[in-house]
Amino acid sequence: MSEQVTSTERPATRVAAKNADGRFIGKRAKKPKLLAIITDACTGCAGAPVCQLYCPVVDCMLLVPAEESLPAGRIWVDPLKCVGCQKCESRGPDDAFLDGCPWDAILMVPTAQWEAEYGELAY
């Protein structure tokens with residue numbers, strides 16, 4: 001006869017915190033496979049960037065001043081906050097058009113490729 005063990009305790013899991021709008025805040029649980037990068041095609045959407053609306057992470061995509069795209073600026077992606085969700089991208093599988101960047105100015109690259117070019121990210 002085998003003993004049956006029951007437990008009401010759950011293993012500790014990391015729960016992602018969300019703000020009142022349902023967007024993620026705080027640190028992510030693990031390194032993503034992909035990171036978003038912004039190309040020179042970014043126009044900052046005349047000061048109202050669409051990609052910020054689609055991004056599920058608070059303060060991951062920020063509009064910053066840029067000499068070449070005045071007066072609106074351009075988007076900068078915080079690589080320590082990007083979760084690689086691809087919601088900001090405008091091209092999907094088989095070049096299907098998605099809701100992301102209307103200028104097709106966001107690419108998803110493997111995290112290893114990003115780190116090889118810019119340096120290893122501190123997690």
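User: What pattern does the protein follow, read along the sequence?

Analyst: Going along the sequence of this predicted model, you get β-β-β-α-β-β-β-α. That makes two helices and six strands.

User: And how many of the residues count as buried, in percent?

Analyst: The protein has 123 residues, and 32% of them count as buried. The exposed surface comes to about 8800 Å², with 55% of it supplied by carbon and sulfur atoms.

User: What does the protein average for pLDDT?

Analyst: The average is 82, and 83% of the residues score at least 70.

User: Where does pLDDT stay under 50?

Analyst: Over residues 5–13. The model has zero contacts beyond four places in sequence for that stretch.

User: OK, on to the inside. Which residues touch the most other members in the largest nonpolar core?

Analyst: That core has 19 residues, and the ones touching the most other members are A36, C60, M61, V77, C88 and I106. Strands β3 (34–38), β5 and β6 are the elements that give two or more residues to this core. β6 gives the most, with three residues.

User: Why would a core like that turn up?

Analyst: As a general point, nonpolar side chains in soluble globular proteins tend to be buried together.

User: What is C88 in contact with, leaving aside its neighbours within four places?

Analyst: C88 is in contact with A36, C51, M61, G100, C101, I106 and M108.

User: What does E89 touch, not counting residues up to four places away?

Analyst: L98, G100, C101, I106, L107 and M108. G100, C101, I106 and M108 are also among the contacts of C88.

User: Switching to charges. How many salt bridges does the structure hold?

Analyst: Two. In one of them K31 pairs with E115, with the closest N and O atoms 3.1 Å apart. K31 lies in the loop between β2 (24–25) and β3, while E115 is in helix α2, so the pair ties together parts that are 84 residues apart in sequence.

User: How do K31 and E115 count, buried or exposed or partly exposed?

Analyst: K31 counts as partly exposed at 36% relative accessibility. E115 is buried, with a relative accessible area of 16%.

User: And which residue forms a salt bridge with D40?

Analyst: R74 does, and the closest N and O atoms are 3.8 Å apart. R74 lies in strand β5 and D40 in the loop between β3 and α1 (50–54), so this pair ties together parts 34 residues apart in sequence. R74 is buried, with a relative accessible area of 11%, whereas D40 is exposed at 73%.

User: What percentage of the contacts with a separation of 6 or more comes from residues 24 or more positions apart?

Analyst: Those residues account for 59% of them.

User: What about aromatics, how many pairs does a search of the whole structure find?

Analyst: One. W114 and Y118 form a tilted pair, 4.8 Å centre to centre with 40 degrees between the planes. Both lie in helix α2 (residues 111–118), four residues apart, about one turn of the helix.

User: What is the phi of C45?

Analyst: C45 has a positive phi of about 50 degrees, although it is not a glycine. C45 is placed in the loop between β3 and α1.

User: And what is phi of D59 near?

Analyst: Phi of D59 is near 60 degrees, a positive value in a residue other than glycine. D59 lies in the loop between α1 and β4 (61–64), and counts as partly exposed at 41% relative accessibility.

Definitions and conventions:
Residues are numbered from 1 along each chain as its sequence is written. This is a predicted model: local features need pLDDT of at least 70, side-chain atom pairs count only at pLDDT 80 or more; totals for chains, interfaces and linings use all residues. Side-chain values use heavy atoms; hydrogens and water are left out. Contact means heavy atoms within 4.5 Å. Rings of Phe, Tyr and Trp (its six-membered ring) pair if their centres lie within 6.5 Å; planes under 30 degrees apart count as stacked, over 60 as edge-to-face and the rest as tilted. Buried means under 20% relative accessible area, exposed over 50%, partly exposed in between (1.4 Å probe, protein chains only). Accessible areas come from the Shrake-Rupley method with a 1.4 Å probe; for residues, only the protein chains shown count as cover. A nonpolar core is a set of buried Ala, Val, Leu, Ile, Met, Phe, Trp, Tyr and Cys residues joined through side-chain atoms within 4.5 Å. A salt bridge is a side-chain nitrogen of Lys or Arg within 4 Å of a carboxyl oxygen of Asp or Glu. pLDDT is the predictor's confidence in each residue, from 0 to 100.
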